Amino acid sequence: MSFRSYISKLSMSAVALATLSLLSPSAHAAAPESNDPIKIALFDWTSVNLNAKILGGILEKLGYTVEYPTADYLSSLTTGLTNGDLDVGLEFWDTTAGEAMKASDATGQTERLGKLGPKAKEEWWFPEYMKEKCPTLPDWHALLDATCAASFSTAETAPKGRYLGGPVTWEGFDDERVAALKLPFTVIHAGTDAAMFAELDSAYQRKAPIMLWIYSPHWAPAKYKGEWVQFPEYTPECYNDPKWGVNPDAKYDCGKPHGEIWKYAWNGMKDKWPVAYKVAKAYTIDTDELNKMSGEIDLDGKTTEDVAAAWIAAHEADWKAWAQ
């Protein structure tokens, strides 16, 4: 065989292999099914945006175009995910979005993609050193005492205690809780998630009084020593029936609900981008890993994109399997 003929045969073999590869039924070859961008929601806290960039980075490696619109947490369930402004949202917490998720489900235009993995907890939290002034904490009855409440006060709230709530978009019914339980506290809402935790850090370093909304998964409960207030245990009746609970004339006379963190999608996603849909549905993350990565962003100054890229590289076998 001449050298030219040998090269020709090699070239033909390469073409054949390439053709077989293109005809392969694998999920990777099928993606993307549409070149339209998949829009993954960004909200106003670290972990959700990290999850968005991880999922988006995976989808980009599979050939999709991804965009990251900034959206309102609760209203996105009944607007953005139903009107085409969003295709995926990755953290809807039972603790705060329960009613909004029910409303979203009722539209028939969204789909719960399943649980993200970590369990959700959100509640009033105080540093351990505050028990010197309120020794019967974490029992919520301690907050009824005027002296205890005053120990949490600031110049803007004195003599009432100050409770630093999350951004108003998170809701959480803290104003209603204060009224229903007749707590001598004033609710002040943080402008952003970052501002809330910056204030916690400052107060903690000075052993200054602070009572605020802390949630988990998050790095804060591991970094700072403290406890969640033990309010009457949440039940659906507490939020819906004024007669339930310690105040027969008011709803929300209990703590916040606990539960799961859910993923949601526009219900047309599975038909428009079947492989991306499979990946989003399969995507889960470990609680400790999420806390650690959130801390790398908030405490160590790493970018969300860099932390997401490191996770994607470390879990390549996982997400490739999800796409099959």
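Student: Among contacts in the chain between residues at least 6 apart in sequence, what percentage join residues at least 24 apart?

Tutor: 72%, with contact meaning heavy atoms within 4.5 Å. Bear in mind that this is a predicted model, where local features need pLDDT of at least 70, side-chain atom pairs count only at pLDDT 80 or more, and totals for chains, interfaces and linings use all residues. Residues are numbered from 1 along each chain as its sequence is written, and side-chain values use heavy atoms, with hydrogens and water left out.

Student: OK, and how much of the chain is buried?

Tutor: Buried residues (under 20% relative accessible area, 1.4 Å probe, protein chains only) make up 48% of the 324 residues.

Student: Switching to helix 13, which of its residues are buried?

Tutor: L290, N291, M293, S294, G295, E296 and I297. Helices here are DSSP runs of H or I, at least four residues, and strands are E runs of at least two, numbered from the N terminus.

Student: What covers them?

Tutor: The cover includes helix 3 (46-61), strand 3 (88-93), strand 4 (110-127) and helix 14 (304-314).

Student: At what angle do helix 13 and helix 14 cross?

Tutor: Roughly 145 degrees, and their axes come within 9 Å. Those axes are lines fitted to C-alpha atoms over the stretch in contact, with angles from 0 to 180 degrees between N-to-C directions.

Student: Which residues make that contact?

Tutor: E289, M293, E296 and I297 of helix 13, with T304, V307 and W311 of helix 14.

Technical notes. Buried < 20%, exposed > 50% of the residue type's maximum accessible area, 1.4 Å probe, protein only.
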